[in-house]
Amino acid sequence: MARIAGKKNRPTGRCQRERWHRLLFGVNEGQCISEILAKSECFLRLRSFTSGPLRLVIPLGVICFIVAVTGALLLVSQNLEHARQERQLVSDTLWAEQAVIFELQRVVEALQSLERDYALSSQSEKYFHVRAAAIMQRSPEIGRILLWQDHGDNDKPYVMMSEGGGGAGDVHATNDNEMRTAARKAETLRGLGVSVFQDANHGAYMLLAVTTFADSTRQVVVASVSLDKLLASTIPWWFAHQTQLTLEDFEGNVLATRDPHVFGKSVYTHRLAAPFADQTLYLDANSTLGPPSLIPNVLTLAVVGMSILLAWTVYALWRDLAWRTMAEKRLRSQQAFREAMEASTITGMRATDTAGVITYVNQAYCSMLGRSPDELIGTRIEGSRGELTGCDAKAEAGAVQKALEIRLTRSDGAPIDVAIFEAPMRDVTGAISGYMASVLDVTEQKRNASLLSAQNERVNRLSRLITMGEMTSALAHEMNQPLTAINSYLSAGKNLLEATGHDAEHSEAYQMLEKARYQAERAGLVIRRIRQFVHKSGPVPGPVDMTQLITELLPLVRLQAPRPDSDIVLDLDAACPSVIGDRVLLEQVLLNLTRNAFEAMATWPSADQRVIIAMRSPEDDQQSVVIEVQDSGPGLGEEANTILSSSFTSTKADGMGLGLSVCRTALELLDSRLVYAKSPAGGASFQFRLRSTSVQ
Amino acid sequence: MTTHEKSQSKGARLYLVDDDEFIRDSLGALFRSRNVSSEGFADPRQFLALWRTGGMKDGPAVFLLDVRMPGMSGFELFEHLKKLGLPAHNLVIFLTAHGEISMAVEAIKAGAYDFLEKPFSDNRLVDKVIAGMRHAETVFASEERDRLQANGEALTVRELEIAERIVAGKTNKVIAEELFISVRTVEVHRAKLFYKLNIKSAVELVPLLKK
């Protein structure tokens with residue numbers, strides 16, 4: 001955050017160039033990322049329109065469009081091919097039918113010509129043979145030509161056999177009846193008579209009967225035409241090769257097949273009626289071609305392949321973009337996270353290069369020093385030499401260096417104490433490129449420590465005084481007893497001597513007793529002087545504002561608490577007047593009492609730990625102030641009161657620790673007394689009463 | 001050092017309460033050297049118990065109490081005594097150390113007669129005690145007089161005459177002759193008189209009739 005925020009008031013010129021220099025040569029990674037991100041903002045703005053729903057729709061649309069166009073192209077071309085093939089077949093079939101019909105008509109014409117010529121040639125038998133042979137030679141489908149002559153009664157046909165068609169002629173020779181039927185049909189029709197017959201062995205054949213009625217003699221020329229051969233002679237091989245061609249009658253019975261080895265695939269079929277004379281044959285064409293393939297050739301394949309490639313490229317591009325966007329988003333959120341972390345942490349972070357020039361600082365470091373990042377970056381660090389050499393030596397071992405405490409100067413000139421931990425940063429080659437330092441502000445900590453030690457010092461002095469006072473008091477008491485006895489005995493002795501009468505005062509024994517008594521008295525005086533001395537250096541009672549004292553003491557009380565969140569409640573009656581006392585003594589009494597309270601609650605769950613410091617004026621005596629320290633611990637037994645009221649002082653540490661004894665003596669020095677009671681909550685409650693300053 | 005007068009106090013007693021045996025013994029010796037008899041008590045509770053149950057003879061007395069004693073301090077003992085009704089002819093003198101003087105002053109305000117500072121114990125101490133005893137006796141005597149006065153108005157003229165003659169040291173027989181009555185009658189009057197004044201001997205009659 002600091003980097004981006006700093007960018008707004010970034011100075012131009014040299015500083016800018018330095019930035020780019022650092023960016024390009026990668027002084028430190030964290031800085032690079034932030035710089036790159038800052039500079040990619042412009043690019044991001046340009047690209048931002050692709051964000052949102054459009055970013056998904058555009059590549060998908062492109063891909064769909066490519067797929068649709070390619071698919072449509074393929075379908076259209078397939079349909080076109082299909083139609084073309086179909087048209088081809090139809091025209092081919094039509095042509096084939098024409099060829100068949102034409103051939104048949106040619107045969108009929110030849111037969112008519114034969115019949116007519118035969119009649120004109122005076123029925124020359126030889127002529128017939130020659131002409132029939134010629135016809136048969138030219139039309140191989142004709143198996144037999146015969147001349148039918150009706151002689152009235154004797155139905156004796158005149159039969160002539162053609163050469164070359166031996167097999168076929170044999171077959172047809174047996175079918176004279178069929179021949180006669182065909183001839184009769186021609187006679188009836190007085191022209192052409194056509195009959196179709198099926199032969200189980202040799203396929204279907206057609207009988208063509210022709211008559212002219214040239215004269216009275218009814219003569220009919222009959223030709224048997226093999227339909228198989230007819231197809232074979234009329235349909236060329238190239239057509240027959242890719243089409244299964246069959247001739248059928250109107251009932252669909254197959255009469256002839258062009259090539260029995262060719263089978264159509266029933267994709268392209270055409271059925272064409274071929275009317276011939278009174279008969280109608282059907283030519284059925286079934287192409288061997290299959291349906292047109294979707295991808296008919298390599299070119300198409302290439303186009304499709306390229307389309308797929310294009311679509312994939314678009315997809316890959318889109319995916320890459322999505323990945324990049326996501327990565328960038330993640331990077332940004334991570335950066336934001338890092339920046340937030342850096343901003344939130346109270347630990348100052350500072351990166352320096354090997355020369356000790358600052359390359360990066362975080363918010364905490366800036367606020368610690370009271371300077372802006374731009375003021376700090378590029379400057380050499382304070383006290384760098386010792387710091388760096390110290391770090392270098394350890395850096396080689398790769399260890400985080402022990403805290404180094406130095407004093408830095410804030411922008412306002414105030415010194416701050418910091419603890420610095422430095423660790424080396426390494427570039428890709430492993431060489432040290434700089435140092436990362438975390439900087440902790442320990443000024444407060446040091447101040448607290450010195451505060452604490454000052455308080456401790458006062459306490460030590462005080463406890464020495466108190467101990468000395470207690471010792472003196474004990475000594476005085478213990479010495480006073482025998483001294484009193486000595487004095488009494490000596491005085492008694494003197495009295496007895498006096499009672500003996502004359503001039504007793506001047507006797508040597510009396511003088512000695514008097515001197516001894518004087519010495520004993522001197523010892524007493526010495527003790528008194530020591531006591532006076534101790535008292536003189538003791539507390540000097542004066543007006544003390546307890547509200548202020550307790551409030552100011554609170555941080556020290558908190559330092560004693562085992563946990564920083566311990567519950568310390570102040571219940572101070574603001575109307576209470578100032579009291580007469582000694583500030584240090586009272587502070588120490590409160591510190592000892594609260595420490596005892598925390599120690600008493602040490603085994604308690606932390607939620608139940610509570611110390612209450614209360615101050616109030618008692619109802620019956622508005623001229624005094626009662627201070628109370630309560631805890632929520634287990635409380636004390638009767639031994640507490642015994643300790644507190646025991647008239648014999650002892651410096652030995654008893655069950656309550658020295659603390660209570662010190663409190664008691666300190667309060668006695670202030671003419672007060674420590675009283676123990678059970679608190680309403682069951683814990684311990686220690687109270688003492690102080691006179692207010694308003695007392696005359 | 002001057003010679004001290006013989007200071008045998010007639011009525012007042014001296015009680016010394018101190019836990020230290022040698023203090024009791026040495027102070028006892030000191031008082032004895034001045035012809036003052038004293039009685040020592042080591043335990044303030046025991047002393048209190050004895051006083052409470054009437055084990056001590058009523059009469060003018062000085063209680064010399066040590067301040068620092070285990071169990072019960074001299075001040076506490078004084079408080080207890082006051083609470084139980086300390087008569088005016090029982091005076092309390094404290095034996096204090098230097099540190100306790102401020103408290104001793106408080107005690108005097110609360111009704112103690114005096115205090116004596118340890119370890120400066122010599123004839124000044126005895127003088128103070130004797131002065132205390134005198135004071136106690138005076139107080140007691142004035143109390144007695146008040147009592148006698150209250151009772152004396154009940155005496156008959158004859159009884160008063162006989163009392164005056166008893167104080168004058170006259171025997172029953174002489175009194176009988178002077179008053180022209182029988183010795184037996186004098187004896188009856190005398191018994192009645194002693195009964196009325198609650199006395200047992202003629203000696204006790206002397207201060208009563210001094211007024």
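A residue counts as buried here if 20 or more other C-beta atoms lie within 10 Å of its own, with C-beta atoms placed from the backbone. Keep that in mind as you walk through this predicted model.

Stop 1: Select residues 243–248 of chain A, which make up strand β5. This strand is mostly covered, with 5 of its 6 residues buried.

Stop 2: Next, show residues 254–257 of chain A, strand β6. Its pairing with β5(A) is also antiparallel and takes in 3 bridges. A:Glu248 has A:Val254 of β6(A) as its bridge partner. The two strands form a hairpin with 5 residues between them. Stop in the turn at A:Gly252, where phi is positive, about 95°.

**Stop 3: helix α16.** Jump to residues 546–560 of chain A. At 1.5 Å a residue, the 15 residues of this helix should span 21 Å, and the end C-alpha atoms are 20 Å apart, so the two values agree. Centre on A:Leu554 next: α16(A) bends there by about 45°, and a proline, A:Pro555, follows within four residues.

**Stop 4: what α16 packs against.** Which residues of α16(A) are buried? Highlight A:Met546, A:Leu553 and A:Val557. The buried residues of the helix pack against several elements of chain A, including β15 (567–572), α17 (583–600) and β18 (624–631).

Note on methods: Residues numbered from 1 in each chain as written. Chains lettered and ligands numbered in written order. Predicted model: local features only at pLDDT ≥ 70, side-chain atom pairs only at ≥ 80, totals over all residues. Expected span 1.5 Å × (residues − 1). Bend = angle between axes of the 7 residues up to and from the residue. Buried ≥ 20, exposed ≤ 12 C-beta atoms within 10 Å, placed from the backbone. Contact = placed C-beta atoms within 7 Å. Pairing = 2+ DSSP bridges.
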